[in-house]
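Please keep the 3D view open as you read.

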Amino acid sequence: MSTLKSTLVSRVASLTFLFFSAMSFAGAQTPSPALLVLEKSDSTLAIVDPVTLKIVGRVPAGPDPHEVESSPDGKFAYISNYGGSDSSLHTISVVDLNAQKPLPPIDLGALHSLHGLAFAGGKLYFTAETNKVVSRYDPATQTVDWLMGTGQDRTHMVAVSPTLDRVFTSNVSSGTISIIEQTSSPTPGPPQGGPPGSAPPPGPPQGGPRKTWRVTNVAAGRGSEGFDLAPDGKEVWVANAQDGTITIIDVSAKKASLTFPISVRGNRLKFTPDGQRVLVSGISSGSAGANLVILDVTTRKEIKSFNFGGGSAGILVVPDGSRAYVAVSAGDEVVAVDLKKLEIAGKIATGKGPDGLAWAQRK
């Protein structure tokens, strides 16, 4: 009898805690800017006030969420539902950040294992690992308006040049970076040998420029996953998790120019906005090693390292470059790093397995 009573008391206490937690979140406003944290193992999106480092709301994120991206106006969050290379998942979850509630997901039909996300030109670029493609979704028309195959295994993360004429993906199992660039090529001219003075065939003008896309797959290293395009667009830096190295790719030459070792098996990599530093998170190479290293871009040397006590994943550098947030997946927390002082500025206790991070600022 006492055991039953104890169990009932425990359940009532848990329900009371959940009730008041929900009530506190329900009355909370989504700040601007807001830090978005994917609590991957809980399948939830946490909305964090970056000033107080407090979670002000949680919203269901759909099945197996991995990456999150904010719309340019800061009103919506888009979340890739992954599930692995053999997944039957084919959706991107959508969250209304103002109302803090889920919206109907985007059903992408035959595209499966969605992962990397990037907004550019008002459109959402994403990867689909099972299909070995990078694609683009237009929120205005609610359609997929572009798709390009890489022919590589585990097309994982994606970045887009500011000019929108180059798209980059990392292909983890192939150990490559795909550079997908828009080019112009002449259309075929009219058949030779026609009667003198004969009219050209109907249709668009012949011989004019035609827009097309060319894919170049550049070898990086084993487990090439996290990467970033330098702010000046001249280099791509790639973290090779299995090798514990960084590969630098010359974008213009479309070839690797340098590979060098680092003290972390990196799975995410981000430039600071000024292009002077690179942050790499991951699993340490040794039992007491770092989970985050900060590199000087010019010297390629590590200038600071942090041991967060567990494997780390998502990195977000705020637009003014003053601070970075790092998801410590193994520790169920997000760490704020002051990039001016190169020291820890605070911590956010999260749900289980934080990973993808995004910055939402209303415009």
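Setting aside neighbours within four places in sequence, Ser161 is in contact with Arg166, Phe168 and Leu229. You will find Ser161 in the loop between strand 12 (155-160) and strand 13 (166-171). Ser161 counts as buried, because its relative accessibility is 7%.

Before going further, a word on confidence. This is a predicted model, with a mean pLDDT of 89 for the chain and 85% of its residues at 70 or more. Residues 1-27 are another matter: pLDDT stays under 50 there, and the model has 5 contacts beyond four places in sequence for this stretch. Where pLDDT is low, the predicted coordinates should not be read in detail.

Now turn to the largest nonpolar core, which has 16 residues; Trp237, Ile246, Val278, Val280 and Leu295 have the most contacts inside it. Two or more residues each come from strand 17 (235-240), strand 18 (245-250), strand 20 (264-271), strand 21 (277-284) and strand 22 (292-296). Strand 20 gives the most, with 3 residues.

Next come the charged pairs. Side chains of opposite charge can pair when their charged atoms come close. A search of the whole structure finds 13 salt bridges. In one of them, the side chains of Glu67 and Arg268 meet at 3.0 Å, N to O. Glu67 lies in strand 4 (residues 65-70) and Arg268 in strand 20, so this pair ties together parts that are 201 residues apart in sequence. Both Glu67 and Arg268 are buried.

Asp355 and Lys40 also meet in a salt bridge (3.0 Å, N to O). Since Asp355 sits in strand 28 (residues 354-360) and Lys40 in the loop between strand 1 and strand 2 (44-49), the pair ties together parts that are 315 residues apart in sequence. Asp355 is buried, with a relative accessible area of 6%, whereas Lys40 is partly exposed at 25%.

The side chains of Glu39 and Thr44 are joined by a polar contact of 2.6 Å. Glu39 counts as buried, because its relative accessibility is 0%.

Technical notes:
Residues numbered from 1 in each chain as written. Predicted model: local features only at pLDDT ≥ 70, side-chain atom pairs only at ≥ 80, totals over all residues. Heavy atoms only, no water. Buried < 20%, exposed > 50% of the residue type's maximum accessible area, 1.4 Å probe, protein only. Polar contact = N/O pair within 3.5 Å; in protein donor to acceptor, adjacent residues only side chain to side chain. pLDDT = per-residue confidence, 0-100. Contact = heavy atoms within 4.5 Å. Core = buried A, V, L, I, M, F, W, Y, C linked by side-chain atoms within 4.5 Å. Helix = DSSP H or I, 4+ residues; strand = E, 2+ residues; numbered from the N terminus. Salt bridge = Lys/Arg side-chain N within 4 Å of Asp/Glu carboxyl O.
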